Amino acid sequence: MSAQTAFRWGIIGTGNISTKFAHDVLVDPSTRSKGEQHAITAVGSRNTASAQTFIDALPLSAESRATIEAHGSYDSLLSSPSIDAVYIGTPHSGHYAVALAALRTPSLRAVLVEKPGVCSRAEWLALERVAEEEKTFLMEAMWTAFQPLARVVRDALEGGGIGKLHTVQADLSIDMKPDALADTHRMLDPLLAGGALLDLGPYPMVWAVLAAGAPGEFGVKASMVKARTGVDLRSAWILDFGGDIQAVLSASMDTPSLTPSVILRGARGSIRVYGQPYCPTHVGITLGEEEEVFYGAEGKLGSAPPPPATQEAWAPGSDIAKAARGYEGAGWHFQADDVARSVRANLLQSSVWPWKNTSFVMGVFDQVRSQGGYVFPEGVLGVVE
Ligand SMILES: NC(=O)C1=CN([C@@H]2O[C@H](COP(=O)(O)OP(=O)(O)OC[C@H]3O[C@@H](n4cnc5c(N)ncnc54)[C@H](OP(=O)(O)O)[C@@H]3O)[C@@H](O)[C@H]2O)C=CC1
Ligand SMILES: O=C1OC[C@@H](O)[C@H](O)[C@H]1O
């Protein structure tokens, strides 16, 4: 693969997030920093008609769409010689088996699997071993870590202005009106490993990891409120990073969102992340007694936050937040750029979101589920310890 050749993706699953990912990777890469050229060359669904409908909706010319293969099963897609990498956008309980099959496909160079990477730490460690054996790149699609604002926060932490980090507070709450959802909805169905923790919990965790790392030794104290199906409606957990940094984290599927959604507090100041923690709009930094200063992806926004702080304005890709975020598309393409670059550099894992981050998150979630009494039904876990 030369630097000029488009990186060829096969998309697995044709639901909500696969659609967003696919549209983002087709955004002109010159509109973002270090953008890579991507192509979608095949789509795999449990039925061919859905794959074709997905292709028909892609923002491409009819001629280009006609070159994309529509596969009626995931195995069929994996056998295609036209793809460099797969993106897996299935419900949680499907991640392990599909990622395993993809890693075992000799022609594939990379596997990008949606968050949460899998359903348990044991599953993730098993995938790591296979990725090493097969010499195939593997990454959890933790898109937030690749967004320009994550870099702004990292730089602020590394700059040391807020002093030594003491506490991370982060929450992702979305009122999904679970009373009105069917028991078989992916958020509520234990057979699909539903629940707030696995679906929304990765986002409070990403900020905790970006700020405090992914230690091998850690402590967790957790509490869960259950939904009628037995999955967690809300989870809250305190994470002890093994030194003197603590994180107070939570996720809820029946509570309205709050901004700032993340606060990193240090000895001399704090960093606030505004908007949804999965794709923030801007960051505020307070040093000592000084006034809060706001930053977008491109730098200082001044001491007045970009208005208005409404839920619509927070949405990935919203025009209102575009000025602060500073790029075209909704933000799912940065992780794809990292995959293409890493593969070109013959890496098996990303330097931005390496395997240890996902195994740490999965290990924390194992403990939160255990303390909260959320036991997956038989058959959900592909690796039973
Ligand atoms: N990064 C982000 O911002 C987001 C990430 N996500 C993550 O993406 C994944 C999918 O979520 P989302 O796109 O919202 O889900 P959807 O239900 O919209 O789509 C999931 C797709 O998976 C396939 N699938 C395979 N097995 C099943 C099954 N048993 N039941 C239902 N669908 C199945 C289907 O595609 P087909 O019929 O073509 O086979 C379906 O369209 C999850 O891991 C979730 O956590 C979700 C939202 C946002
Ligand atoms: O990743 C996600 O972020 C946004 C939420 O709406 C969604 O449920 C979740 O999967």
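This is a predicted model: local features need pLDDT of at least 70, side-chain atom pairs count only at pLDDT 80 or more; totals for chains, interfaces and linings use all residues.
**Exercise 1.** Determine how many residues surround ligand 1, and how they divide by class.

Solution. Begin with the shell itself: ligand 1 is surrounded by 21 residues, and the closest of them are T14, S45, Y74, H92 and K115. Next, sort that shell by class, which gives 7 nonpolar, 9 polar and 5 charged residues.

**Exercise 2.** Find which side chains place a polar atom at 3.1 Å or 3.3 Å from an atom of ligand 1, and state what share of the ligand the protein buries.

Solution. A polar contact is counted when a pair of N or O atoms lies within 3.5 Å. Take the oxygen side of the ligand to start with: a polar side-chain atom of R186 is found 3.1 Å from an oxygen atom of ligand 1. Then turn to nitrogen, where the side chain of W143 has an N or O atom 3.3 Å from a nitrogen atom of ligand 1, and where Y203 likewise brings a polar side-chain atom to 3.3 Å from a nitrogen atom of ligand 1. As for burial, ligand 1 taken alone exposes 890 Å², of which the protein buries 79%.

**Exercise 3.** Describe the surroundings of ligand 2, from its shell to its polar contacts and its cover.

Solution. Now go through the contacts to oxygen atoms of ligand 2, starting with K115, which has a polar side-chain atom at 2.8 Å from an oxygen atom of the ligand. The side chain of D199 has an N or O atom 2.6 Å from an oxygen atom of ligand 2, and the side chain of Y203 also has an N or O atom 2.6 Å from an oxygen atom of this ligand. On its own, ligand 2 has 270 Å² of accessible area, and the protein covers 74% of it. Finally, the site of ligand 2 is the largest pocket.

**Exercise 4.** State how many cavities of 30 Å³ or more are counted, and identify the lining of the largest cavity.

Solution. The count comes to 1 cavity of 30 Å³ or more, and the volume of the largest cavity is about 30 Å³. Its lining consists of Q147, P148, L149, P280, A297, R325 and Y327, which divide into 5 nonpolar, 1 polar and 1 charged residues.

Key
Residues are numbered from 1 along each chain as its sequence is written. Chains are lettered from A and ligands numbered from 1 in the order in which they are written. Side-chain values use heavy atoms; hydrogens and water are left out. A residue is near a molecule or strand if one of its heavy atoms lies within 4 Å of it. A polar contact is a pair of N or O atoms within 3.5 Å; within protein, one must be able to donate a hydrogen and the other to accept it, and residues adjacent in sequence count only if both atoms are side-chain atoms. Accessible areas come from the Shrake-Rupley method with a 1.4 Å probe; for residues, only the protein chains shown count as cover. Ala, Val, Leu, Ile, Met, Phe, Trp, Tyr, Cys and Pro count as nonpolar, Asp, Glu, Lys and Arg as charged, and the others, Gly among them, as polar. On a 1 Å grid over the protein atoms alone, a cavity is a set of points where a 1.4 Å probe fits but cannot get out, and a pocket is an open set with protein on both sides within 12 Å along at least five of seven lines; lining residues have an atom within 4 Å of a point. A molecule sits in a cavity or pocket if more than half of its atoms lie within 2 Å of its grid points. Grid points are joined across faces, edges and corners, and a volume is the space filled by probe spheres set on the points.
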